[in-house]
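Please look over the sequence and the model below before reading on. The briefing that follows takes up a pocket, one of its helices and some pairs of aromatic rings.

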Amino acid sequence: MVDFSDVFQNNMSVNTLIDSLSEGVIFINQKGKIVLTNNKSCELFGYTRNELIGETIEKLIPNKYKHTHHKHIQGYFKSPKTRPMGHTNSKLSGLKKDGNEFPVEISLSHIKSNNESFSVAFIMDISARIKAENELKKRNLELDAFAHTIAHELHSQLNSVIGFSQLLLNNNELSPAKKTSFLEMIVASGFKMNSIIREILLFASAKKEEIVKSPLSMTDIITEVLKRIPAKEKMNTEIIISNNFAVSIGYGPWIEEVWYNYITNAIKYGGTPAVIEIGSSQSEDGYNKFWVKDNGKGLSEKECEFIFTDPEKLGENFIKGHGLGLSIVNRIVTKLDGWVQVESTPTKGSIFSFFLPELPNK
């Protein structure tokens, strides 16, 4: 075997260049043995140079690929050319010294010295890229579901407006009471559509890095929410509000929408009569819990699992009542570095909660 370190012994600038590259560089001979590496390749795989020089390249390849890799090396040296590896649907992985695998992107080149051919592999760790791609795919799926839910909810409310309007126009025999009832339903659907559009615009208007988070006065926010709910909807509902709320950091306009969704759902799906409790509790992990408890029929285990993330799985009737609002709640709270939760038992009511970072000590 040629001592490849002698190839560039009279050209130290080339050695320095190879060692300074941000990619891992590994030279192998026709037998597949490593004859030269750079600092980055040692860093990527967790070996020292002495541990790699003289070893076969299979040392850096996961077991599942080793049985075919030797044939690939032979094929490459029969027809050497510069080309990328793993640019199709195939995925390439490297094997670290500690046994962990990581995704890599490899480009191959070749060089001749003293009548011997060598393959040069340029190696990049693409773990960060793969993670970003997976997160983007997940986000796109969520956005597709979110857009579908929005369209479904707006379409439902619009159908209600059109339907009752046509009844008013085409039926002259309706009693005054019926006309009033239909008009109230039209107005209610209009308010619902307005609320949906307000929530969407609010959520889309500011990026996470653009909002200014500050200590939240939950009592004031909840007071504003209750003003937004028509008096007719609050009739025969007992709302019990805590005197003291834990102080957290967040963005007031967004949190108002969270409370609005939780409280209106509790009113709509509470018992008869509805009894709603609103409060908070301090956690020991740096987050505060804020919650709305109702005395409704409760939710099944399946409903609790999908209610915030995939309401379509719960059926059309459920989407009409909860889907859009809770999808927005989930996204809002996540953007504020918190999370949402539902605790429920059939026939025993539900507790919808959200968690936000507590006010830091100065």
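Which helices each supply at least two residues of the lining of the largest pocket? They are α5 (127-170), α6 (176-205), α8 (231-234), α9 (252-269) and α11 (316-335), where helices (H or I, at least four residues) and strands (E, at least two) are DSSP runs numbered from the N terminus. The model is predicted, so local features need pLDDT of at least 70 and side-chain atom pairs count only at pLDDT 80 or more, while totals for chains, interfaces and linings use all residues. Residues are numbered from 1 along each chain as its sequence is written, and side-chain values use heavy atoms, with hydrogens and water left out.

**The largest pocket**

- The largest pocket holds about 970 Å³ of space; a pocket is an open set of points on a 1 Å grid over the protein atoms alone where a 1.4 Å probe fits, with protein on both sides within 12 Å along at least five of seven lines, and lining residues have an atom within 4 Å of a point.
- Its lining has 26 residues, of which A188, S189, F191, K192 and E233 are the closest to its centre.
- Helix α6 gives the most to this lining, with eleven residues.
- The lining divides into seven nonpolar, ten polar and nine charged residues, with Ala, Val, Leu, Ile, Met, Phe, Trp, Tyr, Cys and Pro counted as nonpolar, Asp, Glu, Lys and Arg as charged, and the others, Gly among them, as polar.

- Not counting residues up to four places away in sequence, R198 touches R228, E256 and E257, contact meaning heavy atoms within 4.5 Å.
- Helix α9 is mostly covered, since 14 of its 18 residues are buried.

**Aromatic pairs**

- A search of the whole structure finds twelve aromatic pairs, that is, rings of Phe, Tyr and Trp (its six-membered ring) with centres within 6.5 Å, where planes under 30 degrees apart count as stacked, over 60 as edge-to-face and the rest as tilted.
- The rings of F290 and F354 are stacked, because their centres are 5.3 Å apart and their planes are at 25 degrees.
- F290 lies in strand β11 (residues 287-293) and F354 in strand β13 (residues 350-357), so this pair ties together parts that are 64 residues apart in sequence.
- Both F290 and F354 are buried.

Terms used: Points joined across faces, edges and corners; volume = space filled by probe spheres on them. Buried < 20%, exposed > 50% of the residue type's maximum accessible area, 1.4 Å probe, protein only.
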